[in-house]
Amino acid sequence: MSNSKTLNIIIFGIGNVGSTLIHQINLAKPKLQAQQNLIINIPVVTNSKLAFFNEFGISNTWECDFDTFSVPYKIEEIIAFVNKYDLKNLVAIDATASKDFVENYIPLIQNGFHIISANKVANTLSYEFYNQLRLTLKKCNKSFLYETNVGAGLPIIETVKRLYDSGEQIQKIRGVFSGSLSYIFNEFSSNDVPFSKVLNQATTIGLTEPDAREDLSGNDVARKLLILARELNLKAEINDVSIESLVPKQLNGKTTLHQFKTRSKEFDAPFLEIKNKQKKGDVLRYVGELNVEKNTLEVKLVSEDKNSSIGQLKGANSVFEIYSDSYQESPLVIQGAGAGKDVTARGLFSDIIKLSNSLN
């Protein structure tokens, strides 16, 4: 089609989220071309060390092709490759969780790439880097989309952005930001089971990180809270977030993962005590709370009325309450699956479509 638009997408990270995204794109290609005159071409896919190149775009056999034909790469070689074949409308998808990969964002932007990222690192480094990244985007007239950073497929960042940009005064954002911790406290609060049993179950079914202390530390929730604070133009740093870690001191630090798992029953007595001290009809929830007026960012364990929007949460869902001038008494509530490869990949795909609509 002469009036069709082609996006050339480089996918960095082909684990759960990246490979799911490729599958979703391949399924949607005929519909996108028929309804939106949009062609999505994926000329390069990479893992942390290897890249597979095909200027015409990968096929449905890309995994076999990657195993057979992938080669070690540097970011400069990918830039040289897209220049050699004069590929336009370049988009780098960061489906990694790498702290190092974000160092490539600025050179990619300077060489014609838009960035779409599920990786939270770039938005939670120093405010100096955060600002430098945005100045580079502005100078190069490129976009950076990262809706999946906070609520996976839920439109949290877009909603907060639209309210803020329209002059709405946001006073507070509060909610359950972690799908894994949502599941743990939903199960623990509604059933008569030891905390360690629920924790081990969550790890077994893949809801937590392999080392559940990553989730229980509260650091992931803190990063999401920081991202929202910065969307509201607050010059906060990660050290400004007050975090109540759920990991007992004796199981942190020098304890190995094996020791942590074998001693998980040490969670049971203290959490049962907290549960029993609650008012009748209350449930435990691990929340993130940004109070704009007080300029505080907190991650903490709280008791909630089981009939409130936060209290009635089920499964591994997330929920976000936004309080503002227009939503003071009754907050704007966004709720749904806040984790998982399918919804995260779908969130990246939504950002791809959003970006395509903004390009000539």
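Predicted model: local features only at pLDDT ≥ 70, side-chain atom pairs only at ≥ 80, totals over all residues.

Visitor: How do I describe two packed helices?

Guide: Two packed helices are described by the angle between their axes and the distance between the axes. Axes are lines fitted to C-alpha atoms, for helices over the stretch in contact, with angles from 0 to 180 degrees between N-to-C directions. Helices (H or I, at least four residues) and strands (E, at least two) are DSSP runs, numbered from the N terminus. Take H1 (residues 16-36) and H15: they pack at about 40°, with axes 9 Å apart.

Visitor: What is the handedness of the crossing of H1 and H15?

Guide: A crossing is left-handed if the near helix is turned anticlockwise from the far one by less than a right angle, and right-handed if clockwise. For H1 and H15 the crossing is right-handed.

Visitor: And which residues meet there, H1 against H15?

Guide: Contact means heavy atoms within 4.5 Å. On the H1 side you'll find Val 17, Leu 21 and Ile 25 among others, and the H15 side includes Thr 344, Leu 348 and Ile 352. By class, the contact of H1 with H15 has 10 nonpolar, 6 polar and 3 charged residues. Here Ala, Val, Leu, Ile, Met, Phe, Trp, Tyr, Cys and Pro count as nonpolar, Asp, Glu, Lys and Arg as charged, and the others, Gly among them, as polar.

Visitor: At what angle do H8 and H12 cross?

Guide: The axes of H8 (residues 156-165) and H12 cross at roughly 25° and come within 10 Å. That makes H8 roughly parallel to H12. Ile 156, Ile 157, Val 160, Lys 161 and Tyr 164 of H8 meet Ile 227, Leu 228 and Glu 231 of H12. The contact of H8 with H12 divides into 6 nonpolar, no polar and 2 charged residues.

Visitor: How do H9 and H14 pack?

Guide: H9 (residues 179-190) and H14 (residues 268-276) pack at about 65°, with axes 11 Å apart. That makes H9 roughly perpendicular to H14. Their contact pairs Phe 185, Phe 188 and Ser 189 in H9 with Phe 271, Leu 272 and Lys 275 in H14.

Visitor: On to single residues. Is Thr 344 buried or exposed?

Guide: Buried means under 20% relative accessible area, exposed over 50%, partly exposed in between (1.4 Å probe, protein chains only). Thr 344 sits in H15 and, at 12%, counts as buried. Thr 344 touches Val 17, Ala 118, Thr 148 and Ala 152, leaving out residues up to four places away in sequence.

Visitor: Where is Lys 120?

Guide: Lys 120 lies in the loop between strand E6 (113-117) and helix H5 (121-124). At 17% relative accessibility, Lys 120 counts as buried.

Visitor: Which loop holds Ser 217?

Guide: Ser 217 is in the loop between H11 (213-216) and H12 (219-231). Ser 217 is buried too, with a relative accessible area of 13%.

Terms used: Residues numbered from 1 in each chain as written. Heavy atoms only, no water. Parallel < 35°, antiparallel > 145°, perpendicular 65-115°, else oblique.
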